[in-house]
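Please take a guided tour of the structure below.

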Number of protein chains: 2
Amino acid sequence: MVNDSSIDRVVGELRRLADSGAVGEKLPSTRTLQQRLGVGPVTVQRALGRLVAEGRLVTRPGAGTFVSARRTVQASDTDWQQVALGPSPVQTSGLDVLFQLMGSPGFQLGAGYLDPGLRADTRLAAAASRAARRPDAWASSPTAGIPELRSWFGRQIGAEPENVLITPGSQGALSATFRAILPAGHPVLFATPTYPGALAVARSAGHIPIPVPGDRDGIRPELLRDAFARTSARLLVIQPTYANPDGSVLAAQRRGEVLDICRRAGAFIVEDDFARWLGFAAVTPPPPLWQDDDHGQVITILSLTKVLAPSLRVGAVIARGPVMSRIAAMRIVDDSFVARPVQHTAIELVSGPAWSAQVRAVGGALRERAAALGAALARELPECSFAPPRGGVNLFLRLPRGIDDLAVATSAGRLGVAVAPGRFFTIGEQEAGHLRLSYAGIRTEDIPTAVSLLAEALHAVAERAPGFAN
Amino acid sequence: MVNDSSIDRVVGELRRLADSGAVGEKLPSTRTLQQRLGVGPVTVQRALGRLVAEGRLVTRPGAGTFVSARRTVQASDTDWQQVALGPSPVQTSGLDVLFQLMGSPGFQLGAGYLDPGLRADTRLAAAASRAARRPDAWASSPTAGIPELRSWFGRQIGAEPENVLITPGSQGALSATFRAILPAGHPVLFATPTYPGALAVARSAGHIPIPVPGDRDGIRPELLRDAFARTSARLLVIQPTYANPDGSVLAAQRRGEVLDICRRAGAFIVEDDFARWLGFAAVTPPPPLWQDDDHGQVITILSLTKVLAPSLRVGAVIARGPVMSRIAAMRIVDDSFVARPVQHTAIELVSGPAWSAQVRAVGGALRERAAALGAALARELPECSFAPPRGGVNLFLRLPRGIDDLAVATSAGRLGVAVAPGRFFTIGEQEAGHLRLSYAGIRTEDIPTAVSLLAEALHAVAERAPGFAN
């Protein structure tokens, strides 16, 4: 009987034989190996085949099987690559550091993802299990996504299904969108502070990010007007609702003005509406900017990842007109389509009763956590300032002047609190350092301890800071 | 009791009310709506909230709810976009057409994906169901992939786990790799004919594809040498094993020569090893070029999608040295990571007995189909020539001179046979037209009929072709 475990065993035996043999040494015949290892000819052949595929053995037809030249690769072997590679087109802009933060032990004020207790794991498992068993589950998907899911995303903001393109979360959506609209070398305006993932996409595509600072009411229209006057930008990137990192909300009276300024500049607006379902309990988030747009200026990006779970990677780009065709084409080039089982898992979850239960549970927990975080910061770190969040998962803590954000984040990490240095969320020089604190991944009861440790870390840095008296 | 169906019903009623009302008309009070619709206050509030989110209604605090201005978007509204967008950086190079072919009814000689009968659907469903229920299933994944899956891919070709990066299929792998290595404006050498998905990635990244023609034994070394001499290319893209579209295999004696030419040019080789598990029954495919490489020149791309199912989107990039760090960084920027349940589904399937059973079943069917296709073509289309495939899923049929590939493909499509025009697989001008015929998605018993119809289509085109006597 040929089974995988017997093949595995024989592979192990043959590998030992090869390791102990000299290069070019001939292996015993298949018949000898059968007898010695107590297995049939098929098992021996399969095992030999696997080691030949690995390059550990070579077969010379009619002559037998031999130990192949061992490849001991020197570390210096790849030095030529540095010359060949030249300057890197890739700029992670801190996104890689944020992902590393997520994996750090201790208290999690660094990650923007929900903690396991808030994730929709059980419901997702049930939905995924059914999705994987559908008759068409493993066939290819229409490249724009399955119709049910396109309709659902469209309904959320009042768009038609044909204006919706399904993507693997919002990162893939940002990547395809920026690169579809602009070739390398063009400027892109960013409402700042902003999300490092969007900066990483723009920089890695060869775009030049230009900051347009905002306040608690979102981007400042007069600065936006100046930015268009000084650049030939054709794209503005903005998070009007509960922006990452500072939680700002574009004020009602600024919405029309922003649309108008962009329309006069002939520019698109990428609306990264990542927090659509991260409103606090009993608060309805403002509608997306999409709904105020009569000219096809706004390209809205939605994602289910934040409110459900990091590994439910489903999002959408919503746009009208020729720009939609172009983004759809880029998505095909980027990775063809989102796997059907993933899309069916998403549609099953969002169209059932579990969806509103999840949104409510998350909204309740976020409200509670934001309040606890605000109270703890006011108590422990009165020298720092912040705008209390009205929704979403982030707060942008302004550090006292002269205190380095990276130093505090590193010091906090050593004490077991993950926080993100503010520099990743900004473009160019800043008056003061910041930390982004996210309360998506930390339980309310852990917040006071985490903030105490953060205060300890900050005070330790302050003591060492030249010219800074606490 | 508030449930989703009653909310849906009330949403429907309110939508009708809004549709029949004038813009700015006030809706009845919540209490009146409750009585009229026979539901509780929560249901009415939720339904109103949904229509407010859609933009169908507006709420003015203290005043009530009103029908909002209807947005009737004119088709001409988005004409400005064409000016703003300018020339497109996106070039699908026929990849979009190939995806459309997959969805066409009738006989499938166009798609490179397995037909439902050969797909591993049942096994995948079981694996996915278990993967979705793992305790960590919905958490984020390490950005490079889960360790078990990296090890598995590495073992297949004799690479260490740290040299393996998990990607969403090979398209995402090609995209991240090309863009990580070269900024826009650089030439890339392609062994031709080649895969349109790779061309689409290069062109959409602003690279300039240069053809290096091959024959039945793969790329021609003397032309490769000339191409490096005439360009500053630092990248060669090649499919050494069962190339798509022509099924060619890089001959043993050319492997060292190709590596050597590229090494002298300081160039990387992207080895798109898409057909690693598409060898015919009882035939061991040649080892990947990776195994002959002592200098970290070769970047090998593997994919499980072809041998398992289109919607199992899992692949890997395997590389050594600094180039690996750079590709990994680009993957983070592109879409962060591959969802955990997808990776766990893959590892469960490939590490169990189902894997070798699937590879055997596919290898048996492909051998049979390739033989049937070859026989039918020899019988029905003696005026066309082709190299009989030795593995993989494709055959490149050379048309008689003067016969247009697109015309034949269109004509065949009308008769119910999907085939891919050869022009998508080439770069620049060609001496003769070709069709790519794939036998992955057609049952053996359907092949004779499909080829008869194809012959009919070709003869119809030939009769209309000027100067062509059949």
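This is a predicted model: local features need pLDDT of at least 70, side-chain atom pairs count only at pLDDT 80 or more; totals for chains, interfaces and linings use all residues.

**Stop 1**

Colour the strands of chain A. Eight of them make an open sheet with mixed pairing, in the order 4-11-10-9-8-5-6-7. Which strands stand at the edges? They are strand 4 (164-167) and strand 7 (218-219) of chain A; each has a single partner strand, so one side of each has no neighbour in the sheet.

Select residues 187-192 and 208-215 of chain A next. These are strand 5 and strand 6, which pair in the parallel sense over six bridges. In this pair, A:L189 stands opposite A:I210 of strand 6.

**Stop 2: strand 10 of chain A**

Select strand 10 of chain A. Is this strand mostly covered or uncovered? Strand 10 is mostly covered, with six of its six residues buried. Show the side chains: A:V298, A:T300 and A:L302 point one way, while A:I299, A:I301 and A:S303 point the other way.

Strands of a sheet pair through backbone hydrogen bonds, in either the parallel or the antiparallel sense. Strand 10 of chain A pairs with strand 9 in the parallel sense, over four bridges; there, A:T300 is the bridge partner of A:E271. With strand 11 of chain A, strand 10 pairs in the antiparallel sense, also over four bridges. Look here for A:S303, whose bridge partner in strand 11 is A:G315.

**Stop 3: a loop residue in chain B**

Move to B:N163, in the loop between helix 7 (147-157) and strand 4 (164-167) of chain B. Is B:N163 buried or exposed? B:N163 is buried, because its relative accessible area is 13%, under the 20% cut-off.

**Stop 4: where the two chains meet**

Show both chains. The contact involves 96 residues from chain B and 96 residues from chain A. About 7,500 Å² is buried between them, and carbon and sulfur atoms give 59% of that area.

How many salt bridges cross the interface? The rule finds zero between chain B and chain A, but 32 residue pairs in polar contact.

Technical notes: Residues are numbered from 1 along each chain as its sequence is written. Chains are lettered from A and ligands numbered from 1 in the order in which they are written. Side-chain values use heavy atoms; hydrogens and water are left out. Two strands pair if DSSP finds at least two bridges between them. Helices (H or I, at least four residues) and strands (E, at least two) are DSSP runs, numbered from the N terminus. Buried means under 20% relative accessible area, exposed over 50%, partly exposed in between (1.4 Å probe, protein chains only). Contact means heavy atoms within 4.5 Å. Buried area is the accessible area (1.4 Å probe) that two parts lose on being put together, summed over both. A salt bridge is a side-chain nitrogen of Lys or Arg within 4 Å of a carboxyl oxygen of Asp or Glu. A polar contact is a pair of N or O atoms within 3.5 Å; within protein, one must be able to donate a hydrogen and the other to accept it, and residues adjacent in sequence count only if both atoms are side-chain atoms.
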